[in-house]
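Good morning, everyone, and thank you for making time for this. Please have a look at the chain on the screen, and then I will walk you through it.

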Amino acid sequence: MKPQYFLVVAIFLVFSFIVDAQECTILKNNSFIYKLAKKEVLVEFIDNEYIEYHQGKKYYIKSTIEWISDCEYYLEIQETTLPNLPFQKGSKLHTVITKVKKNKVYYTSSIAGRTWKGKMTKKKD
């Protein structure tokens, strides 16, 4: 393969794995559902606030959002009523959106040395 073709293929491969920032705007001012232990958790992104509701809004976690880009943010826990949460007020969670496909958002999150991958589905209006 000629060097210029190799370079074009290499550039294409690199950019095909980068999430389009415009796709990540789906997060802003929307609600999502993810599953935790087979139970649905409601997540709301409202301006610079993030609220996670558990057990049909019986418990919640409220955090502020520090947007690094449309596809990356930090959450800082401000208030929680969720029993046995191993994190407390001031704990910071880092999230990177790795893929957006239709109404599904795939991400990698980390907090206090723990890292995991997850998926949220946009809640129907």
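This is a predicted model: local features need pLDDT of at least 70, side-chain atom pairs count only at pLDDT 80 or more; totals for chains, interfaces and linings use all residues.

Let me begin with a question: is Lys38 buried or exposed? Lys38 is exposed, with a relative accessible area of 81%, where exposed means over 50%, buried means under 20%, and partly exposed lies in between, using a 1.4 Å probe and protein chains only.

Residues are numbered from 1 along each chain as its sequence is written, and side-chain values use heavy atoms, leaving out hydrogens and water.

The chain has two helices and eight strands, which are DSSP runs numbered from the N terminus, helices being H or I with at least four residues and strands being E with at least two. The eight strands close into a barrel in the order 1-2-3-4-5-6-7-8, with antiparallel pairing, and two strands count as paired if DSSP finds at least two bridges between them.

Back to Lys38, which lies in the loop between strand 1 (30-36) and strand 2 (39-46), and whose phi is near 65°, a positive value in a residue other than glycine.

Lys57, in the loop between strand 3 and strand 4, also has a positive phi, of about 75°, although it is not a glycine; at 49% relative accessibility, Lys57 counts as partly exposed. Strand 3 (residues 49-54) and strand 4 (residues 59-69) pair in the antiparallel sense over six bridges, and His54 stands opposite Tyr59 in strand 4.
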